[in-house]
Amino acid sequence: MTTPRITPASWAMFTTLAVVWGSTFLIVEIALRGVGPGWVSAARVVFAAILMLAVWAANGFRLFESKPTRGDWGLLIFVCLLSATFPFLLLPWGQQYVTSAFAGVTMASMIFIVLPMAHFMVPGERMRLRSTIGFLIGFAGVVILIGGETLTAQSDPMALWGGLAVFGTAVCYGVGSIYMRRLPPIDPLGLSAMIMIVGAVGTVPVAFALDGPPPMPDRTTFIALAVLGLIPTAAANFLRTVLIRSAGPTFLSLVNYIVPLVSVALGAALLNEALPPTMLLALVAILSGMAISQWEGLVRMAQRLRA
């Protein structure tokens, strides 16, 4: 496992991911108007898998840099399931019952999964008093967010389950990012392709089980599914893989400062989504908790930018 290094290229990937991921929840919301959540998941990952497989083939199907053990293959499959299969199924299912803005804000909670795990599993990323306080404040924001959404949507008994499903998406991404760092030396492009291929194999049968045979989507839905698969899934997943392997999962988690702001702005502006006070309070608590927990890292990065 290499020591994380933050470079100008890291910041460029960071900014791109923030904007792309912030718009993902809006695109999912549009796609759900034309097809069920199972096929939103499957179409998204199938589009991505086709693209990544073609690029991977052009790169000679490189994967492990040395002969892998059975344990290496098992860890790879585990990372693939947590990086695409499970979260891609949970997110659209949950977004049937919650807004895209809610989903975007919930994704910011990924840092509160990463922090305690990185403390034990990633060299140089131990939690101290400040980060523990930030963790508690941020996690309180998650509780406010999910509880507030449930109260706001009292007429829909599935709102709580939808909120928990979206939170489960963040949990998968957080745990997956930690275990991705534990993989042996591996080609980033091959890893990204494997994540999408395993995701496609896992989601298509679930889509049949949930929604039956795939419907013929209208033009708007097809475009939404294609964009969802090719940009925030295939392209962004490759950038995410490179960023985790080079700069570390905690640096990647900083993207969550921007993602909820983008998702809230797009949801309100383009979908006329309501922004209840509990959501805004939760957003403040989550972002504050993130800033407190990562204050030393933010200061160091600010000093590097001024240097």
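**Helix geometry and aromatic pairing in a predicted model**

Trainee: How many aromatic pairs does the structure hold?
Mentor: This is a predicted model, in which local features need pLDDT of at least 70 and side-chain atom pairs count only at pLDDT 80 or more, while totals for chains, interfaces and linings use all residues. Residues are numbered from 1 along each chain as its sequence is written, and side-chain values use heavy atoms, without hydrogens and water. With rings of Phe, Tyr and Trp (its six-membered ring) paired if their centres lie within 6.5 Å, the number of aromatic pairs is 9.

Trainee: Is the pair of F47 and F222 stacked or edge-to-face?
Mentor: The ring centres are 5.7 Å apart and the planes make 75 degrees. Planes under 30 degrees apart are stacked, those over 60 edge-to-face and the rest tilted, so the pair of F47 and F222 is edge-to-face.

Trainee: How far apart in sequence are the parts that this pair ties together?
Mentor: Helices are DSSP runs (H or I, at least four residues) numbered from the N terminus. F47 belongs to helix α2 (residues 37-58) and F222 to helix α9 (residues 219-247), so the tied parts are separated in sequence by 175 residues.

Trainee: How is α3 oriented to helix α7?
Mentor: α3 and α7 (residues 159-181) pack with axes 8 Å apart, at an angle of about 160 degrees. Angles over 145 degrees count as roughly antiparallel, under 35 as roughly parallel, 65 to 115 as roughly perpendicular and the rest as oblique. The orientation of α3 to α7 is therefore roughly antiparallel.

Technical notes:
Axes are lines fitted to C-alpha atoms, for helices over the stretch in contact, and angles run from 0 to 180 degrees between N-to-C directions. Helices (H or I, at least four residues) and strands (E, at least two) are DSSP runs, numbered from the N terminus.
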